[in-house]
Amino acid sequence: MDHPLAMDAEAMRRTGYAAVDALVARLADPAADPVLRRASPAEMRARLGGPPPEQGAGLDAVLARVLEDVLPYAARTDHPGYFAFIPCFTTWPAALAELTATAANPSPWAWMESAAATQIELEVIDWFRTWLGMPAGTGGVLVSGGSAANLTALLVAREAAGSPSEDSVMYVSDQGHSSLARTARAMGLRPHQVRVLPSDDCWRLPPEAVAAAVRTDRRAGRIPIAVCASAGSTNTGAVDPLDDLADVCSAEELWLHVDAAYGGFAALTPKGRALLAGVERADSVTVDPHKWLFQPFECGGVLVRDGASLARTFNVHPDYLDDTGTHGAGEVNLADWGLQLSRGFRALKVWMSVQAFGLAAFRTAIQRNLDLASYAEGLVRNRVELSLMAPTTLGIVCFRREWPGSDEAETERRGIALADALERSGAALVSTTRLAGRHAIRLCVLNPTSSEEHVRRVIEHFAQAPLPPDGPPGASVLPDSRAGVIADHGGSQGTSSP
Ligand SMILES: Cc1ncc(COP(=O)(O)O)c(C=O)c1O
C-alpha cells in the first residue's frame, strides 16, 4: 500500500509487540512506581513541548518517548495503595478491546454501518438493566462517563416534563455529585431552579424533605422536573433511601433519577443489591463502568426506564442521513438515543472483559472491596486517635485524626499535612474532603490489588505518624516503599506540633 500514512506490516507488528511488552511489564507490577508522580508545567513543557515535526521520527522512537516521558507522570490508579478520589483499575481484556475497537474502528451510531457493534452495546446495556433489576423496555446508551450520563438522563426527564420553563425545578441532595450542578447549568436552569436539600446525619437525602419541597414548589406554581438521588455518593458512598424516594416520586408523579455512577455495580453482590433496593423503580439511572466495573476511561452508561423516551428526546433526522433508515424490528440507530452522532465502540471493552473473566470474577472483586472497606472502618473505630466521619456503606471510609485542643482549621491543616506526607512516601494516596464543613480523610477501596495490609498501613499512618515539619514541598517523613505499602513507624505517637 503506498500512501503517506501507510506502515508496512512488519513494522506494525514490531511496534505493536513492543508496546504490548512494555505495557504487560508495567501492569504486572502496579506498585513499581510511586502511587503519584507530580510534575511542574515547566518540566512537562521541557519534556513534551514543541511544534509538530514536519518529518516523522518513526513509531519506535515515539513509543520510546511515550514510555519515558508520558506514562511515568501520572497517578498509578492500579497501585494497591491508590485510595484517592475514585480509583480506576482496568483489565487487560479491556485494554485489548480498546486497541481492537480503535484499530478496526466500527462506530455504533447507525445499524447499517455497524450491526455487531450496535448489538454488543445493546447487550451490555441489557446486562446493566438486569443487574439493577430494571424492567424490560428500559433502554440506554454508553457515554463518556457519569457526568455525560447525568446530563443525558436529565435532558430526557426535562423532555418528559414538557418544554423547558423558567419555572422548572430540580431536587438534589447536598451530597449530590457536582456534575448535577453542571448539568443544571447546561440545561439552562438557574441556581434558584436547583433545590439543594440537606442530607440527614448519615449523609442521605431525606424523602420527607423532598416531599415537602415539591409540595411547596407546586403550591407556588413551579414545575418540578426530577429528583436526583445517589446510589453511592462521592463523598461517603452513602446510598439514598431509594425505595422511599421512589414512593415520593410516584405519589408526586415525578421523575426519579438515580446517580449510581459510583455504587451501581455493587448491585452485583448480595450486600450491594440490598443497599440499592429501589433502584429498579427509578426512571433513569447513571452507571459508570470506568469506576466499579474496572473499565478504562472513558465509559459511562445511562439507563432510562421508558426506553422510547430516549429517541423522543434526541432523534433529529437530517436528509443526509436518510440512507441510515432502519429496516424492521430490532434495528437501532444508537445515534438517535443520545447527544453523540459519531460514537466510539465503548461496549467492546465491557463485553470482552466480562466474556473473558466471567461475571463471578467481577462479583468477587467488588465483594472483596466491600469487605476491605469494612475492615478499614473497623480499624478506624479501634483507634482512639481517629474518628469515623460517616458510616461505611459501600467502599468509602471517611475519618480523621483528632488532636486534643485543635480547632477545625488546625485539624484540617494537620490532616492535610499527613495526607501530603503519605503521598510523598510514594506508597499510598488518599484524598481529603469536607463533611458539613468538617475536614475528613477519604479512603476509597476499589483496586483488586489492595489488601488488608495496604489498608492497615494507611490507617496506622493517620493514627500514628508525626506531623511533618513545615518545609519545602517534596520533603517526606515516610521512607519510599517499593513494596507498595507504607513503612511501619514503630508506634510514634504523632502529637508533635507542626
Ligand atoms: C456519584 C458520581 N456521579 C457522577 C460522577 C461523574 O462521573 P465522571 O467522572 O465519569 O464524569 C462521579 C465521579 O466521581 C460520581 O462519583
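The shell around the ligand divides into three nonpolar, nine polar and three charged residues. Here Ala, Val, Leu, Ile, Met, Phe, Trp, Tyr, Cys and Pro count as nonpolar, Asp, Glu, Lys and Arg as charged, and the others, Gly among them, as polar. The model is predicted: local features need pLDDT of at least 70, side-chain atom pairs count only at pLDDT 80 or more, and totals for chains, interfaces and linings use all residues. Residues are numbered from 1 along each chain as its sequence is written, and side-chain values use heavy atoms, with hydrogens and water left out.

Of the 15 residues around the ligand (a heavy atom within 4 Å), Gly146, Ser147, Asp259, Asp288 and His290 come nearest. Helix α6 (residues 146-160) supplies the largest share of the shell, three residues. Helices are DSSP runs (H or I, at least four residues), numbered from the N terminus. A backbone N or O atom of Gly146 lies 2.8 Å from a ligand oxygen atom. A polar side-chain atom of Ser147 lies 2.6 Å from an oxygen atom of the ligand. The side chain of Asp259 places an N or O atom 2.6 Å from a ligand nitrogen atom.

Key: A polar contact is a pair of N or O atoms within 3.5 Å; within protein, one must be able to donate a hydrogen and the other to accept it, and residues adjacent in sequence count only if both atoms are side-chain atoms. Helices (H or I, at least four residues) and strands (E, at least two) are DSSP runs, numbered from the N terminus.
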